[in-house]
Amino acid sequence: MLSAIALSVALIAGPVPQVLAQDRPASFAELAEQISPAVVNITTTTTIAASTLPQGVVPEGSPFEDLFRDFNGPQGGPRRSNALGSGFVISEDGYVVTNNHVIEGADEIMIEFFEGGEMKAEVVGTDPNTDIALLKVDATGLDFVEFGDSDTSRVGDWVLAMGNPLGQGFSVSAGIVSARNRELSGTYDDYIQTDAAINRGNSGGPLFNLDGDVIGVNTAILSPNGGSIGIGFSMASNVVKNVVDQLKEFGETRRGWLGVRIQDVTEDMVDAIVGLEQTGGALVTDVPVGPAMDAGVKAGDVIIRFDGKEVADTRELVRMVGNAPVGAEVDVTVLREGDEVELVVTLGRRETAESVLPANMEPDAPATAELFGMTLSELSEELSTQYGISTDRGVLVLSVEAGSDAEDKGLREGDLITEAGQQAVENIDDLEARISEARDAGRRSLLLLIRRGGEPRFVALNIEE
């Protein structure tokens, strides 16, 4: 099949497939022999209160049904339940990497080696945020593999996945890098998508490039039936290596903490932010007590560079900060009122950071107005109680007109406008003044900072008359 595909590409694309044909190995056998001794099967044992055969693990009548029934044991009462996973050795003295969900809650972890023999493993540390766990066996002279640079992997590169799918240990599957920088649900997600077959039991196993370096840890699949349909995800090695280094040194992760709340810059915000020419960077919505406040970062700043590197969006900034050492002094460049401001932030530690809520302020006399297709009101004690608002300053959204720009941008009853044009809004007069200033400056939109349930978010509304 691969040969047929290569031939069809050659007929269409001319000389390019000639390069691909040279890069495509005739066989993965030598590579598999080289890396197999460092790949391990993992079996965990957990005491659970009741016995239920997992639903949907294997279909009824499957040849694997007996295997999973054996692992789950007899019905009734407390029992010992076993689960299967994969891993790989990263040092000759017995450090093993796998997924956190493979070993989470386990009473006992057993490692089975490719060349035979089993050993009990102890947990060195885990990181649920990236679903990575570091184990240790009491051994020396083990075969091991090394991490490669996942950032150099390209879509279309050949990869090999190894592991223990459905208990069929030390199985190899081949495919390509289907996509890069995938995000599933985690803050620090950076997944490589691959069509190499990954199934239950492959979790925690390595994804290799053709140099035999680990460029990912197989973690998840996208499937309507629980089996591989060619959409698998491996956490990128550059993320994993940083986590593993911290687990090895500290037994836990120690991520940098900047101390800001941020959101992405959207197209409709570009005109509303002075000096901003295109989307990019991370817009600061709030600065609680912490490193950023100490360094002078303000709400409304757009963080455009961190430690000398351009910030594409909020996701990238979170990863940059998380990978930076705790206590490091880092240069941060922000765009503020059209000027680039250079700041130096001493990073805190994310795991121990605590947010500090702003203190309550004095109330102002309530008033109402119709603006942006919204009915707005200044706050009163009654309104603050009704909508669960802890501050007495700002402009409250009482209703939003259907079909208005405000509705299109997601505003709704109960939202609190606290800034306009990156200036504080205490009352309706302040908001109307910001609108007039923006129109006088020839702007088509005005940037509003709203809070919903205490969470801040910027929205750019059209102010053209």
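Select R255 and Y188 to begin: the charged end of R255 sits over the ring of Y188, at 4.1 Å from the ring centre. The model on display is a predicted one.

**The main nonpolar core**

Next, display F88, I90, V97, F147, F208, V240 and V244. These are the residues with the most contacts inside the largest nonpolar core, which has 25 residues. Colour the elements that give two or more residues to this core: α3 (29-35), β3 (95-99), β6 (132-137), β7 (158-163), β11 (214-221), β12 (232-236) and α6 (237-250). The most is given by α6, with five residues. Apart from this core lies another, of 22 residues; to find it, select V397, I417, L448 and V459, which are among its members.

**Helix α6**

Which residues of α6 are buried? They are S237, V239, V240, V243, V244, Q246 and L247. An α-helix has 3.6 residues a turn, so residues three or four places apart point the same way. Just after the helix, select G251, which takes a positive phi of about 80°.

**An aromatic pair**

Four aromatic pairs are found in the whole structure. One of them joins F88 and F147 in an edge-to-face arrangement, with 6.0 Å centre to centre and 80° between the planes. This pair links distant parts of the chain, since F88 belongs to strand β2 (residues 79-89) and F147 to the loop between β6 and β7, 59 residues apart. F88 has 0% relative accessibility and therefore counts as buried. Both F88 and F147 were named above among the residues with the most contacts inside the largest core.

**Salt bridges**

A search of the whole structure gives 20 salt bridges. Side chains of opposite charge can pair when their charged atoms come close. Select D190 and R319, whose side chains meet in a salt bridge of 3.0 Å, N to O. What does this pair tie together? D190 lies in the loop between β8 (171-182) and β9 (191-194), and R319 in helix α9 (residues 314-323), so the pair ties together parts that are 129 residues apart in sequence. D190 counts as buried because its relative accessibility is 2%.

Move to R154 and D157, where the side chains meet in a salt bridge of 3.3 Å, N to O. R154 is exposed, at 56% relative accessibility, whereas D157 is partly exposed, at 22%.

Then select D405 and K409: these form a salt bridge in which the closest N and O atoms are 3.3 Å apart. Here D405 is partly exposed, with a relative accessible area of 25%, and K409 is also partly exposed, at 23% relative accessibility.

For the last stop, show E252, R254, R349 and E351 together; a network of salt bridges links these residues.

Terms used. Residues numbered from 1 in each chain as written. Predicted model: local features only at pLDDT ≥ 70, side-chain atom pairs only at ≥ 80, totals over all residues. Heavy atoms only, no water. Core = buried A, V, L, I, M, F, W, Y, C linked by side-chain atoms within 4.5 Å. Buried < 20%, exposed > 50% of the residue type's maximum accessible area, 1.4 Å probe, protein only. Helix = DSSP H or I, 4+ residues; strand = E, 2+ residues; numbered from the N terminus. Salt bridge = Lys/Arg side-chain N within 4 Å of Asp/Glu carboxyl O. Phe/Tyr/Trp six-rings, centres within 6.5 Å; stacked < 30°, edge-to-face > 60°. Lys NZ or Arg CZ within 6 Å of the ring centre and 35° of its normal.
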